[in-house]
Amino acid sequence: MEINLVTKVWSVDNDVENIRSCTQIVDAARLLRAGEAVAFPTETVYGLGANALSDAAVEKIFAAKGRPSDNPLIVHIGEREQLSTVAGTVPEKGQKLMDAFWPGPLTIILPKNDQVASLVTAGLDSVGVRMPDHPIALALIKEAGVPIAAPSANRSGRPSPTTAAHVFADLDGRVAGIVDGGATGVGVESTVVDVTVDPPVILRPGGITREQMERVIGPVELDPSFQVGAVETPRAPGMKYTHYAPEGEMWLVTGDEAQVRAKMAELLAEAKRHGQKTGVLATEESAAYWQEQAAVDVVLSVGSRHDLEKVAQQLYAVLREFDHQRVQFIVGETFSREGLGMAVMNRLEKAAGGRILSV
């Protein structure tokens, strides 16, 4: 489908009083009510939103992103009262998670009701819902007066956007508007947890960790289907297809530090011999080492391996910077899977398309 829209961009200050009454928010909400797709910031990444009760509106999300329609979308609400417009009953553990983590980066899978658009759920009998912890997102959803279906505001498969500039680069002319609220905070998408089963199951790791949830509701399991190569029908965003990928071929290497460096150097030297521009996704601890290696053209640090929150915040911007510098072959380090590291590694594995070497 050819799309040729004039994309309007509004800048909104997060700290302004009465954000909901701002002209920019009122204009953007009016477009959402009219069935258009509008990008906006959340505390995780920028989302591309449309009325979750309208298949015609939601279809514009898929068209703009080039996203397969068999991948379900997350519904964003601005207040707890909106939950009943898309979901049915809420299990007790779901209520406890909402009380503990909403607003925040936690998407909860619930039984759907008949009002939510069929394209949102991809034919499933459940729906993922969250309340974002961002003043602009909350104001926009409340002003629109409808729940908003919103995946990340990028072309399908590209690194998720953490600034309005990232959104504009991917979707200018493909969406009706972009609300610019500055850089996002968490940097990786929300955790997705299914509470229609007991014990609940994490379908996608994200900003709320397994350990945090278990302190509230007890045991929480991990679904293996969020790993690269899963063939099950996706029950949540991020469970199918390669996501978050830079344009260059990317590999991850894991194992003993000395052996990891040797294997990375071998891969980089081979790519260099084939005339490719090479890059390393490094940590602060290793960046200086890689900058001294002749086979490496671009070294980008994603942060300290001892500060995974910072790594999560910077990951997508770093992946996009490799594209900006036209890097053709990228090798990256890996991280602990403890806590937020599970989300970081999930995104890296998908960005690499499953190309992971253990040494």
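**Stop 1: Thr44**

Start by selecting Thr44. Its relative accessibility is 4%, so Thr44 counts as buried, the cut-off being under 20%. Keep in mind that you are looking at a predicted model. Where does Thr44 sit? You will find Thr44 in the loop between strand E2 (38-41) and strand E3 (46-51). Now show what surrounds this residue. Leaving aside neighbours within four places in sequence, Thr44 is in contact with several residues, among them Pro105, Arg130, Thr184 and Glu189.

**Stop 2: the whole chain**

Zoom out and switch to a cartoon view. The chain has eleven helices and 16 strands. Its radius of gyration is 20 Å, close to the 21 Å that the globule rule gives for 359 residues, so the chain is as compact as a globular protein of that length. Turn the model around: the C-alpha atoms fill a box of roughly 55 × 50 × 40 Å along the principal axes.

Buried residues account for 56% of the 359 residues. If you colour by charge, the chain has 34 positive and 46 negative charges, and their mean positions are 3 Å apart.

How much of the contact picture comes from residues 24 or more positions apart? Among contacts with a separation of 6 or more, such residues account for 69%.

**Stop 3: helix H1**

Select residues 23-33, which form helix H1. Colour the buried residues of this helix: Ile25, Asp27, Ala28, Ala29 and Leu32. What do they pack against? Their partners include strand E1 (8-11), E2, E3 and helix H5 (135-144). Step past the end of the helix to Gly35, which follows H1 and has a positive phi, near 90°.

Stay here and show the side chains of Arg30 and Asp27. They meet in a salt bridge, with N to O at 2.5 Å. Arg30 and Asp27 are three residues apart in helix H1, and so are separated by about one helical turn. An α-helix has 3.6 residues a turn, so residues three or four places apart point the same way.

**Stop 4: more salt bridges**

The whole structure holds 19 salt bridges. For one of them, select Glu189 and Arg347, whose side chains meet at 3.0 Å, N to O. This pair links distant parts of the chain: Glu189 is in the loop between E8 and strand E9 (191-194), Arg347 is in helix H11, and the two are 158 residues apart. Glu189 is buried, with a relative accessible area of 6%, and Arg347 is buried too, at 0%.

For another, go to helix H8 (residues 257-273), where Arg273 and Glu270 are three residues apart, about one helical turn. The closest N and O atoms of their salt bridge are 2.4 Å apart. Arg273 is exposed, with a relative accessible area of 61%, while Glu270 is partly exposed at 35%. Then select Arg158, Asp170, Arg320 and Asp323 together: salt bridges that share partners join them into one network.

**Stop 5: helix H11**

Select residues 341-351 to see helix H11, and pick out Met342 within this helix. Met342 is buried, with a relative accessible area of 16%. Use the distance tool from Met342 to Leu308: their C-alpha atoms are separated by 10.0 Å, although the two are 34 residues apart along the chain.

**Stop 6: backbone details**

Pro103 lies in the loop between helix H3 (92-101) and strand E5 (106-111), and Pro199 in the loop between E9 and strand E10 (201-204).

Finish with Asn18, in the loop between E1 and H1. Its phi is near 55°, a positive value in a residue other than glycine, and Asn18 counts as exposed at 59% relative accessibility.

How values were computed:
Residues numbered from 1 in each chain as written. Predicted model: local features only at pLDDT ≥ 70, side-chain atom pairs only at ≥ 80, totals over all residues. Heavy atoms only, no water. Helix = DSSP H or I, 4+ residues; strand = E, 2+ residues; numbered from the N terminus. Rg over C-alpha atoms; globule rule 2.2 N^0.38 Å. Buried < 20%, exposed > 50% of the residue type's maximum accessible area, 1.4 Å probe, protein only. Contact = heavy atoms within 4.5 Å. Lys, Arg positive; Asp, Glu negative; His and termini not counted. Charge placed at Lys NZ, Arg CZ, Asp CG, Glu CD. Salt bridge = Lys/Arg side-chain N within 4 Å of Asp/Glu carboxyl O.
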